[in-house]
Structure formats: structure tokens, C-alpha cells
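The following exercises concern a single protein chain. Each sets a task and then works through the solution step by step.

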Amino acid sequence: MSTTRTVRGRPATPSERVRDVVNGFAARSPSRFAILVFALLILVFTLLFSLPISSANGQWTGLADSLFTAMSVICVTGLSTVDMATHWSYFGHFLVYIGVQVGAVGVLTMASILGLVVSRKLGLRAKLMAAGDSNPLRVHGGPVDEGQAVRLGDVGKLLTTVALSMVVIEGAVALLLFPRMLIAGIDVGTAVWESLYYSAMAFTNTGFTPNTEGIDAFATDYWFLSALMIGVFLGAIGFPVILAIASNLRLKRRRWSIHVKLTLLTSLILLVAGAVLYIVLEYDNPKTFGRLDAGHTIFQSLFLSTMARSGGFSTIPIDDLHGSSLLVTDMLMFIGGGSASTAGGIKVTTLAVLFLAAFAEARGVEPMDAFRRRIPTDVLRVSVAIALWGATIVAVSTILITQITKAPLDHVLFDVISGFATCGLTTGLTERLPDAGIYIMAATMFCGRVGTVTLAAALAQRQRRQLYQNPEERPLVG
């Protein structure tokens with residue numbers, strides 16, 4: 001029997017057969033397809049960053065630096081092994097600007113948006129791909145569980161929200177930043193470019209700066225810093241939450257899903273708790289907040305707490321923090337932002353589910369309840385897997401880089417978690433890494449950006465009926 005596909009009575013061309021294979025693979029496993037496209041995109045940007053046209057001095061950039069920059073840009077991390085402001089040319093900075101936009105929203109989401117723009121419609125396959133990119137718990141093969149944060153019928157609205165929120169929020173933040181740059185004496189052309197650049201780095205939670213002094217020139221400009229905080233926070237709560245907020249604003253009777261409630265509540269708790277801990281731990285540190293009055297200390301602590309969740313901007317040298325504050329920042333970075341957001345980490349809803357399970361166990365009840373809703377156990381299983389997977393990646397990378405560099409453990413752990421959680425804060429270790437350490441850190445960033453999502457999707461896809469159960473026996477735990 002012939003397996004050659006025909007199109008309107010004629011044999012399929014090689015390009016059509018290749019397209020069918022790609023579409024079939026993408027439909028069967030969008031998460032794995034995303035990783036493949038992600039890797040190819042990183043390779044393309046590595047080549048582009050290595051070209052002489054991308055560097056300010058017109059010379060080739062080495063493989064380690066160009067690969068790390070491409071990885072950091074596409075993974076919206078914000079770490080760098082070169083001076084981002086001076087090493088790259090205008091073309092190189094343009095690559096950074098475009099790369100963070102694509103990496104922030106996800107490869108499949110971006111592809112679906114482009115398809116929606118071109119064809120003005122969204123097929124079922126594209127909906128499944130975009131849904132998988134926004135929610136790894138969705139089962140791609142077989143029946144689709146509609147009890148999700150974003151229903152399959154709302155995927156088109158989500159894609160529209162992604163595109164509009166990027167344009168509107170980044171544009172609004174840029175408009176807030178632009179006059180402050182003019183006041184600072186920056187010429188109009190440079191102010192336009194840098195305000196757009198900063199707004200993109202804030203909303204995508206990347207943290208790169210286009211100027212040599214970074215945000216040090218605006219370290220006491222609370223209008224400028226507040227605009228960055230707004231951009232980072234809105235990027236970190238996630239596109240499904242932005243969609244829910246935008247949809248409910250037009251309704252008289254508003255209904256909020258448990259995902260929205262958990263994301264916003266946990267994010268606010270972490271924001272306030274982080275700021276309080278920084279105030280308590282750093283009030284006597286003359287290198288950080290010890291020389292500031294109460295009002296400035298509170299604001300700078302809020303700024304650092306916001307950026308520690310994935311923003312990547314900093315008004316103080318991170319290595320000046322006390323060891324206890326570094327550990328607090330480690331925890332905030334590891335948690336990260338909301339699901340389907342531009343932030344990294346294991347995500348705030350993962351942490352919330354783990355705590356809800358612990359509280360349920362402490363009360364001696366089996367179901368996990370929150371806001372009068374019951375959370376199924378498969379969500380807990382995936383949350384545990386994501387947390388353990390993330391901890392394993394961090395532990396392995398920390399051991400390897402510590403062995404290579406012989407650097408202090410707290411600095412290595414900090415930069416590794418920053419890379420895994422795509423945060424971008426650094427103690428200065430990353431820029432001093434040898435090539436072997438650079439490759440390990442690049443792999444850590446890649447795993448942090450796509451690894452936990454892949455694992456979650458793989459777990460969901462591998463659920464199957466089992467026609468028998470083994471005898472039960474309880475091991476000792478705790």
C-alpha cells in the first residue's frame with residue numbers, strides 16, 4: 001500500500017511531506033517540539049552574535065561568549081560574560097531586543113501569534129500548541145481537560161492578550177521612563193532607544209542595560225525605579241492572569257479562577273516578606289541600606305524584593321549583601337514568578353500547592369482546598385516533580401562550577417540559582433567563569449527555562465490507565 005500523500009490528486013512534494021512530518025511531531029508533543037525550536041533558535045542567535053557586525057569592535061566573538069549571550073537572551077536570563085553595553089554594536093543590541101521578546105513569550109506562543117496575524121484564524125492544532133506552551137498540565141494527546149486556567153476556547157484570547165500586553169505594557173513603561181532620561185540630560189534619540197530597551201528588559205524580566213553605568217545613574221530616581229518595578233511585576237504574574245484581569249474589568253460580576261487568586265496572593269506575600277527580610281537583615285550594613293533613612297530603606301528593599309523574583313535589575317552590588325540576605329535572595333529567585341509568565345523559577349503556584357499539601361497533611365485531611373476549590377492530586381505530583389527537578393539541576397551545577405572555579409559556595413550557589421531561575425542578578429562570578437563554567441551555566445539556564453515545563457508536560461502525557469495495583473506497603477518517612 002502506498003503511503004505517499006496526495007494533494008488535490010497529485011503526489012505531495014518533498015517540502016509538503018517535510019511539513020507534514022513537522023506538523024505531526026508538533027501535534028503529538030508540542031513541548032518537545034518547543035524545545036527543538038528553542039535549541040535551533042539559540043544556535044541561530046549564537047551564530048549571529050559571533051559575527052563581526054554584532055560586536056562594537058568589528059571582530060568575531062568567541063563561541064563561549066556568543067553561545068552564553070544567545071542562551072541568556074533567548075532564556076531571558078540577564079546574565080552575561082561580556083559587558084553588554086560596550087561589547088555589542090547597534091546590530092548586536094537589536095538582536096538582544098528581538099531575542100528577549102521571542103524568548104519571553106515562548107516559541108510556540110510566538111509562532112501561534114504570527115500564524116493568527118497572517119491567517120486571521122487559529123486552528124485546533126495551533127490552539128493545542130499554544131495551550132501547551134502556556135500550561136504544561138494540559139494533556140496534548142487524547143481528550144483535553146477543560147478544567148484548566150486557560151480553556152482551549154480561550155487560547156485565541158490569550159494570544160491576543162500576549163501580543164497586546166507586550167505592546168501596551170512595554171509602551172507605557174517606556175513613556176514613563178522617557179521624560180526621566182531627558183531630565184537626566186540624555187539626548188532625545190538615545191532616550192527613545194534606551195527607554196524602549198529598558199521597558200522590554202523589565203517586562204520580559206531580563207535585566208540587561210544598554211548603558212555602561214546601568215541603572216546606577218537612576219539609583220535614587222524613584223519614578224524611574226517604580227516604572228521598572230511595574231514592568232517586572234506585570235511580566236511576572238503571567239499572561240493568563242493578565243487575561244483574567246482584562247476580562248473581568250468589563251464584567252459587573254467578576255469571577256476569579258483559583259490560579260489567578262493563588263498567583264496574586266502568593267506573589268504579594270513573597271514581595272512583602274522579601275522586603276521585610278531585607279530591611280531586617282540589611283539595616284546595619286553600611287554597604288547597602290545601613291546609610292539610608294527609613295523611607296529609602298523601605299523602597300530599596302521593595303525594589304530588591306521585586307527584582308529578586310526574576311527582574312534582574314539592582315541598585316546595589318549584590319556581593320555587598322550579607323550572607324543571610326544572599327540566602328533569602330536565593331529562595332526568592334528559585335521560586336520565581338507566575339506560570340506562563342516572562343519570569344523563571346519553579347513558579348509561585350508550585351510553591352502554593354506544596355504549602356497547601358503540607359497544611360492539609362498537618363490538619364489530617366486528604367483533599368487540598370483553597371478558596372473553596374479542591375486541587376487534584378495530579379497537580380501536587382507535578383509540583384513535587386518540578387521542585388525536585390529544579391533542586392537537582394541547581395545542586396549538580398553548583399557542585400560542578402564550585403569544583404571548576406574553587407569560588408565561595410554562597411557566590412556559586414547564588415549565580416547558579418540566578419541562571420536556573422532566569423533572574424540575572426549576579427555576585428560577579430559569572431563574568432569571571434572559564435569556558436567550562438560558561439557552558440555549564442548555559443546548560444543550567446536552558447534547563448531552567450524549558451526543563452521544568454518539559455517535565456511537567458511529559459508527566460501529563462504519560463498518564464495512562466493501569467489495570468492492576470501492587471500490594472500496598474508503607475515505608476518510614478520523616
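**Exercise 1.** In which helix does Leu-196 lie? Determine also how Leu-196 is classed by accessibility and which nonpolar surface patch includes Leu-196.

*Solution.* The model is a predicted one.
Step 1: Leu-196 is located in helix H9.

**Exercise 2.** Describe how helices H15 and H16 cross, and identify the residues that make the contact.

*Solution.* 
Step 1: Helix H15 spans residues 348-363 and helix H16 spans residues 377-405; their axes come within 9 Å.
Step 2: The axes cross at roughly 115 degrees, and the crossing is left-handed.
Step 3: From H15, the contact involves Thr-350, Val-353, Leu-354 and Ala-357. From H16, Val-379, Leu-380, Ser-383, Val-384, Ile-386 and Ala-387 take part.

**Exercise 3.** Is Ser-397 buried or exposed, and which residues does Ser-397 contact beyond its neighbours within four places in sequence?

*Solution.* 
Step 1: Ser-397 is placed in helix H16.
Step 2: The cut-off for a buried residue is under 20% relative accessible area. Ser-397 has 6% relative accessibility, so Ser-397 counts as buried.
Step 3: With neighbours within four places in sequence left aside, Ser-397 is in contact with Val-416, Ile-440 and Thr-444.

Technical notes:
Residues numbered from 1 in each chain as written. Predicted model: local features only at pLDDT ≥ 70, side-chain atom pairs only at ≥ 80, totals over all residues. Heavy atoms only, no water. Patch = residues over 30% accessible without salt bridge, like charges linked within 9 Å, V, L, I, M, F, W, Y side chains within 5 Å. Areas by Shrake-Rupley, 256 points an atom, 1.4 Å probe, with all protein chains shown as cover. Salt bridge = Lys/Arg side-chain N within 4 Å of Asp/Glu carboxyl O. Helix = DSSP H or I, 4+ residues; strand = E, 2+ residues; numbered from the N terminus. Buried < 20%, exposed > 50% of the residue type's maximum accessible area, 1.4 Å probe, protein only. Axes fitted to C-alpha atoms, helices over the stretch in contact; angles between N-to-C directions. Left-handed = near helix turned anticlockwise from the far one by under 90°. Contact = heavy atoms within 4.5 Å.
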